Amino acid sequence: MIAERIRPSLLAHGGDIYVKEIKGRDVGLVFQGACKTCPAAQITLEEVIEKTLREEIGETGRVYLINETDQELLDFAKKLMRSHKEDDNE
């Protein structure tokens, strides 16, 4: 359902989404790409994603976003810190 009804719109705008966790009736989602920093992310969650989930599977619990730090960004930060530490040791 997410792949067919939600992802195509997000992909068209340079973003994506995946389900990170399901706890009972609660669904935790992670936005990726352009959606991750979009000012309208919360509106998209409430007006598009949550509405679509409720239409498809009936009553759900809470649908919420999980904010994750991008692995590429973490790797870059680690590299910067290592190079800075090496500069300090010289």
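Guide: Helix 2 supplies the largest share of the lining of the largest pocket, 4 residues. Helices here are DSSP runs of H or I with at least four residues, strands are runs of E with at least two, and both are numbered from the N terminus. The model is predicted, so local features need pLDDT of at least 70 and side-chain atom pairs count only at pLDDT 80 or more, while totals for chains, interfaces and linings use all residues. Residues are numbered from 1 along each chain as its sequence is written, and side-chain values use heavy atoms, with hydrogens and water left out.

A pocket is an open set of points on a 1 Å grid over the protein atoms alone, where a 1.4 Å probe fits, with protein on both sides within 12 Å along at least five of seven lines; lining residues have an atom within 4 Å of a point. Helix 1 and helix 2 each give at least two residues to the lining. In total 13 residues line the pocket, and Ser9, Leu10, His13, Cys35 and Thr44 lie nearest its centre. The lining divides into 10 nonpolar residues, 3 polar and no charged. Here Ala, Val, Leu, Ile, Met, Phe, Trp, Tyr, Cys and Pro count as nonpolar, Asp, Glu, Lys and Arg as charged, and the others, Gly among them, as polar. The space in the pocket is about 170 Å³, a volume being the space filled by probe spheres set on the points, which are joined across faces, edges and corners.
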